[in-house]
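Subject: Structure handover

Hello,

Please find the structure below.

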Amino acid sequence: MKPQTPPQTYRVKSFGCQMNVYDGERMAELLGERGIQPAADGEDADLVILNTCHIREKAAEKVYSDIGRLVLAGKQSEAKGGRPPMIAVAGCVAQAEGDEIMKRAPAVSIVVGPQAYHRLPEMLDKAAKGERATDTDMPAIAKFDALPARAKRGPSAFLTVQEGCDKFCTYCVVPYTRGAEISRPFLHLIAEAHKLVEAGAREITLLGQNVNAWAGEDDKGRPTGLAGLIHALARIDGLARIRYTTSHPNDMDEALIAAHGEVDKLMPYLHLPVQAGNDRVLKAMNRQHTVDSYLKLIEKFRAVRPDIALSGDFIVGFPGETEAEFADTLRIVDEVRYAACFSFKYSPRPGTPAATLDFQIAPEVMDDRLTRLQARLTDHQYAFNQASVGKTCTVLVERAGRFPGQWVGKSPWLQSVWFEGEYAIGDLVEVTLAEAGTKSLKALVSASV
């Protein structure tokens, strides 16, 4: 590879989970420290980082498609006197298939895994000299220690508190691409939260592959879990809202359940994936919980916070799933009545135990089941929004709407809400929810907080 002019502008394209969004922001902050600026809208960037996700089927092939498009655009730019972009592949596909990417895509200069992107500046130096650079080491804590201070973001910010997974669900690649569960130190998290609030954040969402597995020692050296961290964060002046995602049912403790009734700043929203509504399927998935244990958790949350909005994840068509077992999934959906959900067809991931199981479900059967499941989930989401009409709540303004004087933000229950008036991004506005749709609600303004 020829030496390349050091990039002056960049674009990070993040795919997949909120953890990737956080990682993308942190890479942008690293580049900013080097004086590399984000490319303006509509302009070509000197450096393009594809921050990839490996959860869904054909994830790697989609990366190669993106690389191909960048190569073609680069050739067109060269023909006009410009230069092709430097291409970096980051994230979970980079971690899982880094060597293969380097073999198949000679245009890629950098491959960096999700635990090694703190070394991106040194890798850029190598690439500028014409040396291709790969780093898929997994020193997660070292990564956080090396990252720069938080830059100004929007009114809602992500804060990664935990990474990795020890659960080894049979369909999932996360333990192989993100590594073992690790928890960031309590004091580091409190310090980063303060920086986010100083930079304008009014809401912080705590992130982790299994966020409620977070554990550490507080400022007095006492063992504490996620509930203790939330209580400490709630004492930060200027921070109005706290959320967390994604939880695992097996890591849910009584203190965290109680926190939903004790901490006013902790929003009444819980994302608690169940994945399926049948115990045999759950066992085959190695989920380590049952339908009954999951429903009892839901009961406990509703006892301490009756208005809590529940969200979850579902996989249809797991190998061997029968029509009767799928019907059990529809039953749990009707019992819980989720306010929102993510649902997917099972896709075999190379290297996972489920990929080699017998009785893989036909694509057309999965399509049919997903259609029926999503119709049911949509009905419940609409019903939840309709039941919210007439409630008064506070909305955090996140962006301008499509029309002059229109603003869009999130309710405490993570609903998208729009209203009109003279406000600014970051304002907390008291509204009355007036009209419900499936995906959003119209509101009338009561007052600003």
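A salt bridge here is a side-chain nitrogen of Lys or Arg within 4 Å of a carboxyl oxygen of Asp or Glu. By this rule the count comes to 25 salt bridges.

Before the details, a word on the source. This is a predicted model, in which local features need pLDDT of at least 70 and side-chain atom pairs count only at pLDDT 80 or more, while totals for chains, interfaces and linings use all residues. Residues are numbered from 1 along each chain as its sequence is written, and side-chain values use heavy atoms, with hydrogens and water left out.

Salt bridges

Helices (H or I, at least four residues) and strands (E, at least two) are DSSP runs, numbered from the N terminus. For accessibility, buried means under 20% relative accessible area, exposed means over 50%, and partly exposed lies in between (1.4 Å probe, protein chains only).

Arg69 and Asp66 form a salt bridge whose closest N and O atoms are 2.3 Å apart. Both residues belong to helix α2 (residues 59-79); they are three residues apart, so about one helical turn separates them. Arg69 is exposed, at 52% relative accessibility, whereas Asp66 is buried, at 11%.

Arg376 and Asp334 also meet through their side chains, at 2.7 Å from N to O. This pair links distant parts of the chain: Arg376 is in helix α13 (residues 363-388) and Asp334 is in helix α12 (residues 323-336), 42 residues apart. Arg376 is partly exposed at 27%, and Asp334 is partly exposed at 32%.

A further salt bridge joins Lys345 to Asp367, with 2.7 Å between the closest N and O atoms. Here the link runs from strand β16 to helix α13, and the two residues are 22 apart in the chain. Lys345 is partly exposed, with a relative accessible area of 34%; Asp367 is partly exposed at 34%.

Two strands pair if DSSP finds at least two bridges between them. Three bridges connect β14 with β15 (residues 309-316) in the parallel sense. Leu270 has Leu310 of β15 as its bridge partner.

Regards
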